[in-house]
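Please describe the structure shown below in a short report. Cover model confidence, helix packing and a few individual residues.

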Amino acid sequence: KETEEVFKVKKSSYSKKIVKQLKKEYKEDLEKSKVRTEVNSPTDVEPPLEKTGQIKDIGQEDGTANSEHGEEEMEVESEKEEEKPKAGGAFSSALSSLNVLRPGEIPDAAFIHAARKKRQMARELGDFTPVDSEPGKGRLVREDENDASDDEDDDEKRRIVFTVKEKSQRQKIAEEIGIEGSDDEALVAGEQDEELSRWEQEQIRKGINIPQARIYQPAEVNNLYYQNTYQTLSYGSSYGIPYTYAAYGSSETKSQKTDNTVPFKTPSNEMTPVTIDLVKKQLKDRLDSMKELHKANRQQYAKHQQSREDSTKAIERLEGSSGGIGEQYKFLQEMRGYVQDLLECFSEKVPLINELESAMHQLYKQRASRLVQRRQDDIKDESSEFSSHSNKALMAPNLESFGRDRVIYQEQVKRRTAEREARRARRRQAREQTGKMADHLEGLSSDDEETSTDVTNFNMERDRILKESSKVFEDVLESFYSIDCIKSQFEAWRSKYFASYKDAYIGLCLPKLFNPLIRLQLLIWTPLEGKCRDFETMLWFESLLFYGCEEQEQVKDDADISLLPTIVERVVLPKLTVISENIWDPFSTTQTSRMVAIVQKLVDGYPSVVNAENKNTQMLLKALLLRMRRTLDDDVFMPLYPKNILENKNSGPYLFFQRQFWSSVKLLGNFLQWYGILSNKTLQELSIDGLLNRYILMAFQNSEYGEDSIKKAQSVIACFPKQWFANLKGDKTISQLENFCRYLVHLADTIYRNSIGCSDVEKRNAREHIKQVIKLLASIRALDHAVTVANDHNVKELKILIEGK
C-alpha cells in the first residue's frame, strides 16, 4: 500500500506497465540491499520527503494548500501558452479555483495553466518578487511527464540543476515508505557501493518518475510534444512562494535569493527618437557599404575568373605537354636499348675488323718491302760488279774456306741479274711499242714489276681477307651494321627531340660510332693504285653527306655539320699514315703523284686537316718525312768511277752511273712534289741539302763538261718550284743552292777553256752553252753569278737572257 501511494500518479501520464515494472524493481532492490537512504547534509541535498500523505499541497498563498509532490515533476503544456497576458481581472475566475484544490488531489491542466498565467502577469506588472529559500533549500521545477521518457541527450539538455543537491531515488522512496533511521549505517554503506551507485544512475536515465530539480531557465526548456513551447516552472514559483518540504518546516523560509536564481530586470522604455533624415542617412550608408562590398566582390570575381582561365590554360598546356613527354620518354628508352645493343655488337665485331685491317696492311706492306728490297739488292749487285776495287773477298765477305756459301751467293746474284735484265728488256720493249723510247732515260722508270707467283699469292690472300670481312656481320641484323639504318635512327632522334639529342653530344659520338663500319669499307682502299676508287664516291660518304642538313634553320655550333670532315680526319688520315709509312715508295713517281693528289685534296677540301693542332695530320706529315729520310739513307746510291771508265758510254759502269744519277734526279722531283704541303724549310733540307748537294753534285763532278752536263743541270732546275724564287729580293738565290751555282759557273769556265783553239763552229757551240748556263743561273735568281759569267765571257745579251728566263 505504501508503495502504491508513492507511485500514485496521473493515469494519463504513465502506463500501468511502467508502474508495475518500477514497483517490481524497487521491491527487488529493497530485498537485496536492505539499506535506507539518508540525507547527506542539509545544504547539499533536498529535505527528505514525508511519508505518503504528508507532502504539503501547493495552491494557496498562505501555505495551507497541499498538493502531492511525488517523485516526478508534473507539468502539462498547452499550445495556447504563447498568448499575450491579459489584465488582472481576467484571472479572477481562475484564481478562485486555486483555493478549492483538496489535499492529496493532483492538479489538472487548467489548474497548472492558470498558475502560470498568474505568474506571468505578475512578472509583466512588476509585482513579481523572486522567491528566496532558506540556505540548503531550493525551488523545485517540474517538467512535463512525458519528458522523462525522451532520449538521454534531450533529457540532459532540459535538466535544470537545483540550488539544493537533489536526493537520490533510494532516499526519497525510503522516506515515503517510512524506513527507520536505525538502518542509516547500512544505507551509507550501500551508497558507497559502486555497483549500487551505477544502478541508481541507470534508473534515473530510464525515466523513472523521480522529480528532477532544475534552476528556473525560461526560454531554454521546451516541451517536445507540442508545437508551442511553455516555460518550465515549478509549482511553488507559480504562486510566488518558495518550494519547501513539510519535513523541514518550510513555513519559516525567508525570502532569500539562492546562488542560482536568475534575476529579471524591467526593460527600459527610453529610445532614441527616429527621424526621416536619420533613416535616410542609415539607408544611404548601408547602400554605400553594399556598393563597396559589391565592387570588392566584382573584383574578386574577376580575379577568380582570370585565375580560372589561367588554370584552364595551364591544364591544357600540361595535358598537351605530358603526352609529348611520355612519347619522348618512350622514344628515348627505345634509343637507349638500341644504342646499348649496338655498342655490344661493336664491342664484339670491332676486334675482328681490326684484325682484318691489320692483315690487309701487312699484305700490302710485304709487297712494298719486297720491291724495295729487290731494288736495293740490284744496286748492290751492280755496284759490286762494276766497282774497280772489287774482289772476291769483298763480294762475299765472311765466307767459309770451303767456298760453299760463296757459290750460293754467286748463284743468287746470277738469278737476280737475270730477272733484272728481263724486267728491263720488257720495259724497253713496251716503250718501243708506245714510241717513248727516244725521250726515255735509264733510271727514270720504276722497277715495280712483280712475278706471276707473287701476284697470285697476293691476290689469293687479299681475296681471303675480303671473304672474311663479308662474314663479320652475317649474324647481325641489318639495323646494327648498315650505315643507312643507323643514320636513320639518329636522324629521327635529331628531328623529334633536338634538345636531348644535343645534350647527349650525339654529334660528337657519331664519327666514332661509324668508324669501324667505314674502315671495313676502306679495307682494300689504297690510293697508290691506279684502280683505287675515290673515297668520296663510296656509299658511306654519300650516305652521310647530307646528315644534319635539314631545311630547318641550322643551329650554331652544330657538330653534325662537321660529321664528314671529322670522319675523314679520324678514318682516312690514319689509313694514309699507314700507307705512307709502309707502302708508299718515294722512288715511284706514279705513287708519289697519287699520294700528293689525295693529301692535297684533303688539305683543300677539309679545313680540319689543315689545322695545325690536328694530331692525325701531324702524324701523317711525320710519317711522310720519316719515309723520305729513310729513302735517302737506304736507297740512294751514287757510284764514283774514274773518267776513263765513263768515257765508254756503252760500258756497264757508265750505264749504271747514268741510271743512278737519273734515279736521284727523279727522287728529287718526287720530293719537290710536296711543295705546298710540306714547309719550304723541310723540303729544302730534304731535296737540296740531303739529295742535290750530297749525291747529285757528286755525279756532276764526274760527268762530261758540255752538253750532257747542261742537260742534267736543266733537269735538276726544272724540279725546283718557281715560287721559291719569285719573291726573292736582291741578286742572290737561296743559300742552299750556292754550291750548285758555283758548279754552273765552273761549268761555263770549263766550256770556254775547252773551246780555245777549236774551230769556229765549236767556239760558237761553246758560246751558246755559256749563254744557257747564264739562263740557268737567272732562272734560280742567282743574278750575281750570271753577271759574273757574262762579264767573264763577254756576253752582251745579259739583259735579254735574264728577261727571257
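The report below takes these topics in turn.

## Basis and confidence

This is a predicted model, in which local features need pLDDT of at least 70 and side-chain atom pairs count only at pLDDT 80 or more, while totals for chains, interfaces and linings use all residues. Residues are numbered from 1 along each chain as its sequence is written, and side-chain values use heavy atoms, with hydrogens and water left out.

The protein chain has a mean pLDDT of 74, and 67% of its residues reach 70 or more; pLDDT is the predictor's confidence in each residue, from 0 to 100. Confidence is lowest in helix 9 (residues 235–238), with a mean of 40, and highest in helix 13 (residues 452–470), at 93. Helices here are DSSP runs (H or I, at least four residues), numbered from the N terminus.

Over residues 9–14 pLDDT stays under 50, and the model has eleven contacts beyond four places in sequence for them. Residues 128–164 also stay under 50, with 147 such contacts beyond four places in sequence. Contact means heavy atoms within 4.5 Å. Where pLDDT is low, the predicted coordinates should not be read in detail.

## Helix 24 and helix 23

The axes of helix 23 (residues 652–672) and helix 24 come within 10 Å and cross at roughly 160 degrees. Helix 23 is therefore roughly antiparallel to helix 24. Axes are lines fitted to C-alpha atoms, for helices over the stretch in contact, and angles run from 0 to 180 degrees between N-to-C directions; angles under 35 degrees count as roughly parallel, over 145 as roughly antiparallel, 65 to 115 as roughly perpendicular and the rest as oblique.

On the helix 23 side, the residues in contact include Phe657, Phe661, Leu668 and Phe671, and on the helix 24 side they include Leu683, Leu686, Ile696 and Phe700. By class, this contact of helix 23 with helix 24 has 13 nonpolar, three polar and no charged residues. Ala, Val, Leu, Ile, Met, Phe, Trp, Tyr, Cys and Pro count as nonpolar, Asp, Glu, Lys and Arg as charged, and the others, Gly among them, as polar.

## Helix 24 and helix 21

Helix 21 (residues 615–634) packs with helix 24 (residues 680–702) at an angle of about 5 degrees, and their axes are 11 Å apart. The two helices are therefore roughly parallel to each other. Leu625, Met628, Arg629, Leu632 and Asp633 form the helix 21 side, and the residues they meet in helix 24 include Glu685, Leu686, Leu691 and Arg694. The contact of helix 21 with helix 24 has six nonpolar, two polar and four charged residues.

Glutamine 684 also lies in helix 24. At 12% relative accessibility it counts as buried, where buried means under 20% relative accessible area, exposed over 50% and partly exposed in between (1.4 Å probe, protein chains only). Beyond its neighbours within four places in sequence, glutamine 684 is in contact with Asp689, Trp724, Ile734 and Gln736.

## Loop residues

Tyrosine 505 sits in the loop between helix 15 (498–503) and helix 16 (506–521). Its phi is near 55 degrees, a positive value in a residue other than glycine, and tyrosine 505 is exposed at 55% relative accessible area. Arginine 781, in the loop between helix 28 (760–779) and helix 29, is not a glycine either and has a positive phi of about 65 degrees. Arginine 781 is partly exposed, at 23%.

Glutamate 797 is in the loop between helix 29 (783–792) and helix 30 (798–803) and counts as partly exposed at 31% relative accessibility. Its C-alpha atom is separated by 8.6 Å from that of lysine 771, 26 residues apart along the chain.
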